[in-house]
Amino acid sequence: MAAVFAACATEPTLKEAYKNNFLIGVAVNTNQIFEHDQRGVPIIKSQFNSLSPENVLKWGPIHPHPGPDGYNFGPADRYVEFGESNHMTLVGHTLVWHSQTPQWVFLADDGTNTVDRDTLLQRMHDHIQTVVGRYRGRIKYWDVVNEALAEDGTLRKSRWLKIIGEDYIAKAFEYAHEADPNAVLRYNDFSLENPLKRNGAVELVKKLQAQGVPIHAVGLQCHAKLDWPTAEQESDTIDAFAKLGLKVAITELDIDTSASSQQNRSADISLNGQDQTNAVKPAAQLGINLNTNRLPDSVQQVLAQRYAELFGAFLKHRDAVTLVTFWGVTDGDSWLNRGRRNHPLLFDRNGQPKPAFDAVIKAAEEFHGSK
Ligand code: G3I
């Protein structure tokens, strides 16, 4: 227990260091929501002032079966209770997404044919009204539509698009606003730092705004690599959306340290990164060996520098940035542990702060000139 106490008794904590800039959040899994994870929970409670649900509020986990009796609210209810009891600002992730949506949603009642537009819109409406309505006034930020764009900036050819048409996005935001008029509604996506995709998102937002659709913010997932996006790319991207009058959230921050995926720009685990416009220096050019289960000190320092750069960009745009959320508590919790061990976050597998943690704290202190 002493080791766990030491891990979360840092001075200052992340939320303290950034309290005059933006909220610092973290994605939490089921073990943490139910407080079974005795390593992660003290870190969550001491370091963060916002939570995102890694999975429990996605359509599949919360609405696995058709109809009003097909919901499974237990884990999501516990997520909200855990957040409220620890005075956290809560995010809802996510309402409409091409992934983790059960097959029944897209099937007609005969269980075979594809559902028609009106029926699918009704299902979307009922889901959003039920879920957003249940947590009205308790969940402040909603990722209403997640990853609607392809890497070239055109609309992803999801079943939502194919069956309903382009207006599925506008409808989702309207239904969410109807269910909770005070919620902050976000469009959330990855790799928006890539100019093609960013331009596609900017045009999408402009079109929604022209239709009077209630979109309030954009979520930059920022699943980063050891040399992408640069601070300048991040800064330009935040600026592009702030100019539209949107607030900006960094919604799923991590920095992949594995050699095999440095070229992959996509956070869609079903894609092989399509976008190579930002030629990435091979790991060798970084002078580091990434193919190890242990993170060499040289990579710890590269990781720390990368986090410092990105937080420099977030601080530069602190008027637009409302929240920075890490996509996991410790390295052992990360979705990036696929095959080889990854080391993408601020706390290691023992719950100890890494040099990257110190670099993030230092970025705030230097920005405010207190060090
Ligand atoms: O809960 C079930 C469990 O009952 C079952 O035994 C187990 C094995 O099948 O699966 C468990 O569900 C898994 C779930 O994570 C909880 O661990 C799903 O299979 C698995 O697909 C799911 O992965 C999540 C992934 O989204 C789904 O695409 C990751 O945890 C999550 O970090 C990741 O997060 C996404 C964001 O939501 C959107 N942006 C990209 C990001 C990374 O892909």
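1. In this predicted model, the contact between helices α10 and α11 is made by R198, A201 and V202 on the α10 side, which meet Q233, D236, T237, A240 and F241 on the α11 side.

2. Two packed helices are described by the angle between their axes and the distance between the axes. For α10 (residues 195-210) and α11 (residues 231-242), the axes come within 10 Å and cross at roughly 15 degrees. Because angles under 35 degrees count as roughly parallel, α10 is described as roughly parallel to α11, and the crossing of the two helices is right-handed.

3. Helix α11 also packs against helix α12 (residues 297-316), and here the axes come within 8 Å and cross at roughly 25 degrees. That angle makes α11 roughly parallel to α12, and α11 passes α12 in a right-handed crossing.

4. Which residues make the contact of α11 with α12? From α11 they are A231, E234, S235 and I238, while α12 contributes E309, L310, A313, F314 and K316. The residues of this contact divide into 5 nonpolar, 1 polar and 3 charged.

5. Turning to the chain as a whole, there are 13 helices and 9 strands, and buried residues make up 58% of the 371 residues. Among contacts between residues at least 6 apart in sequence, 78% join residues at least 24 apart.

6. The accessible surface of the chain comes to about 14,800 Å², and 49% of that surface belongs to carbon and sulfur atoms.

Methods: Residues are numbered from 1 along each chain as its sequence is written. This is a predicted model: local features need pLDDT of at least 70, side-chain atom pairs count only at pLDDT 80 or more; totals for chains, interfaces and linings use all residues. Side-chain values use heavy atoms; hydrogens and water are left out. Axes are lines fitted to C-alpha atoms, for helices over the stretch in contact, and angles run from 0 to 180 degrees between N-to-C directions. Helices (H or I, at least four residues) and strands (E, at least two) are DSSP runs, numbered from the N terminus. Angles under 35 degrees count as roughly parallel, over 145 as roughly antiparallel, 65 to 115 as roughly perpendicular and the rest as oblique. A crossing is left-handed if the near helix is turned anticlockwise from the far one by less than a right angle, and right-handed if clockwise. Contact means heavy atoms within 4.5 Å. Buried means under 20% relative accessible area, exposed over 50%, partly exposed in between (1.4 Å probe, protein chains only). Accessible areas come from the Shrake-Rupley method with a 1.4 Å probe; for residues, only the protein chains shown count as cover. Ala, Val, Leu, Ile, Met, Phe, Trp, Tyr, Cys and Pro count as nonpolar, Asp, Glu, Lys and Arg as charged, and the others, Gly among them, as polar.
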